Amino acid sequence: MTRDLVTREPFEGEIPALVAMALRSFETTFRGTCDDQDLDAYIVETYTEAAFAAELEDESSIFRIASTAAGEILGYAKLRVGHREPGVTGVSPIELQRLYVNPELKRSGIGSILISECLDIARTGGHDVIWLGVWEHNHPARRFYESKGFSYCGSQEFVMGRDVQTDLLMQRATSII
C-alpha cells in the first residue's frame, strides 16, 4: 500500500472526500465512547465542508494528504502554528492537531509516513518541538505516538457537548530522527 502512496497538499476540490474520510476515522474511533448526542453535535460543528474550507484557508494551518497516485485520500495530518498549551516546551513549537488514517488502513504505515512528513515540515519551518493532544483513553494512538518518540508533558480539557474529557499532551523534539 505505501508503495503507491503520495503525500502532498490537499486541493480545494477534495474537501468533500477529505471530510468524508476524516468523519469515518473520527466516528470509528470515538462512536460509543460518549453520549451520541454530544458526539453528533460535535460532528455537525466540526466535520463540515465549510469548516474544512476555512481550515485550509487559515494561514496557521498546514495540511498533508496521503493519497494513492489516483487521488484516493488515505489519511491526512493537520499542523497548527502559533498555539501552545502549558507544559509544552521549546522556543518555537508546532501542534500536530490531527492525524487521521482511513480506518481500514490503520497499521499500514500511512500514519508513520504522515508523522515523518510533519517532522520534516516542522524542521524546515524552524520549529524545535512538535506536540499534540490525545484522548487519555485512546490507547492505540498513545502507543503509536510513544513509538514515534513523543513523551507526556501535561493535559488539557477537551469538551464534546456536555462531556468534558481529558487529552494528554505529548511532545518530542523535531531534531530526533
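Colleague: In which sense do strand 4 and strand 5 pair, and over how many bridges?

Modeller: First, a word on what we are viewing: this is a predicted model, where local features need pLDDT of at least 70, side-chain atom pairs count only at pLDDT 80 or more, and totals for chains, interfaces and linings use all residues. Residues are numbered from 1 along each chain as its sequence is written, and side-chain values use heavy atoms, with hydrogens and water left out. Strands (E, at least two residues) and helices (H or I, at least four) are DSSP runs numbered from the N terminus, and two strands pair if DSSP finds at least two bridges between them. Here, strand 4 and strand 5 run in the parallel sense, over three bridges. Pro 93 stands opposite Val 129 in strand 5.

Colleague: Which strand pairs with strand 5 in the antiparallel sense?

Modeller: That is strand 7 (residues 163-173), which meets strand 5 (residues 129-135) over seven bridges. Look for Ile 130 opposite Arg 172 in strand 7. Strand 7 also pairs with strand 6 (residues 151-160), in the antiparallel sense over nine bridges. There, Ser 151 has Gln 171 as its bridge partner. The hairpin of strand 6 and strand 7 has two residues between the strands, and in it Gly 161 takes a positive phi near 70°.

Colleague: Why is strand 5 described as largely enclosed?

Modeller: Buried means under 20% relative accessible area, exposed over 50%, and partly exposed in between (1.4 Å probe, protein chains only). Six of the seven residues of strand 5 are buried, so the rest of the structure largely encloses this strand.

Colleague: Which residues touch the most other members of the largest nonpolar core?

Modeller: In soluble globular proteins, nonpolar side chains tend to be buried together. A nonpolar core is a set of buried Ala, Val, Leu, Ile, Met, Phe, Trp, Tyr and Cys residues joined through side-chain atoms within 4.5 Å. The largest one has 24 residues, of which Leu 96, Ile 110, Ile 130 and Tyr 145 touch the most other members. Helix 4 gives the largest share of this core, six residues. Contact means heavy atoms within 4.5 Å; leaving aside neighbours within four places in sequence, Tyr 145 is in contact with residues including Leu 96, Leu 132 and Met 170.

Colleague: What is the volume of the largest pocket?

Modeller: On a 1 Å grid over the protein atoms alone, a pocket is an open set of points where a 1.4 Å probe fits, with protein on both sides within 12 Å along at least five of seven lines; lining residues have an atom within 4 Å of a point. A volume is the space filled by probe spheres set on the points, which are joined across faces, edges and corners. The largest pocket comes to about 1100 Å³. Of its 46 lining residues, Leu 99, Tyr 100, Asn 138, Ala 141 and Tyr 145 are the closest to its centre. Strand 4 (residues 93-101) provides the largest share of the lining, seven residues.

Colleague: Is Glu 9 buried or exposed?

Modeller: Glu 9 is exposed, with a relative accessible area of 56%. Its place is the loop between strand 1 (5-8) and helix 1 (15-30). Glu 9 and Phe 63 are 54 residues apart in sequence, yet 5.9 Å apart in space, C-alpha to C-alpha. Both are among the residues that line the second largest pocket, which holds about 220 Å³ of space.
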